[in-house]
Amino acid sequence: MTAPRDSKAGMHPLARPLSGLSSPRAGLIALIVIAVLVVGGFALETVLSDGGLSKYPEVYGAYELLPLAAAAVAILLGWGLVWLISRPGDFYSRAAGDVTEGQDD
């Protein structure tokens, strides 16, 4: 039998707590947190606009939907930026001349 591998063995100690942020579960948790914040914002705005405490009572939902749209645009632009600046795995080998066109490793 083999011992279970520690996936964090070669990782810097300060980076270990952040390693869970790249899991699919972290994305789901972030989505749930954002949804709860948006619903809470609508509830708070409803309470404030009934008592006349809202600064702009005629614009219902702008405080929740505009930041949500801005976050969605930032995420989509991030994917585009990764596509734009990413390089293939053998990019630096090819740039140094270590890999020829006909060579497949």
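1. Let's begin with the fold. Reading along the sequence, the pattern of the protein chain is α-α-α. That gives 3 helices and 0 strands. Please keep in mind that this is a predicted model.

2. The protein chain has a mean pLDDT of 74, with 69% of its residues at 70 or more. Among its elements, helix H2 (residues 62-85) has the highest mean pLDDT, 81, while helix H3 (residues 91-96) has the lowest, 69. Where pLDDT is low, the predicted coordinates should not be read in detail.

3. Now for burial and surface. Of the 105 residues in the protein chain, 7% count as buried.

4. One surface feature to look at is a nonpolar patch formed by Leu 28, Leu 31, Ile 32 and Val 36. Together these residues have about 400 Å² of accessible area.

5. Finally, a closer look at one patch member. Leu 28 sits in helix H1 (residues 24-50). Why does Leu 28 count as partly exposed? Because its relative accessibility is 48%, and partly exposed covers the range between under 20% (buried) and over 50% (exposed).

Notes:
Residues are numbered from 1 along each chain as its sequence is written. This is a predicted model: local features need pLDDT of at least 70, side-chain atom pairs count only at pLDDT 80 or more; totals for chains, interfaces and linings use all residues. Side-chain values use heavy atoms; hydrogens and water are left out. Helices (H or I, at least four residues) and strands (E, at least two) are DSSP runs, numbered from the N terminus. Buried means under 20% relative accessible area, exposed over 50%, partly exposed in between (1.4 Å probe, protein chains only). Patches are made of residues with over 30% relative accessible area and no salt bridge: like charges are joined within 9 Å, nonpolar side chains (Val, Leu, Ile, Met, Phe, Trp, Tyr) within 5 Å. Accessible areas come from the Shrake-Rupley method with a 1.4 Å probe; for residues, only the protein chains shown count as cover. A salt bridge is a side-chain nitrogen of Lys or Arg within 4 Å of a carboxyl oxygen of Asp or Glu. pLDDT is the predictor's confidence in each residue, from 0 to 100.
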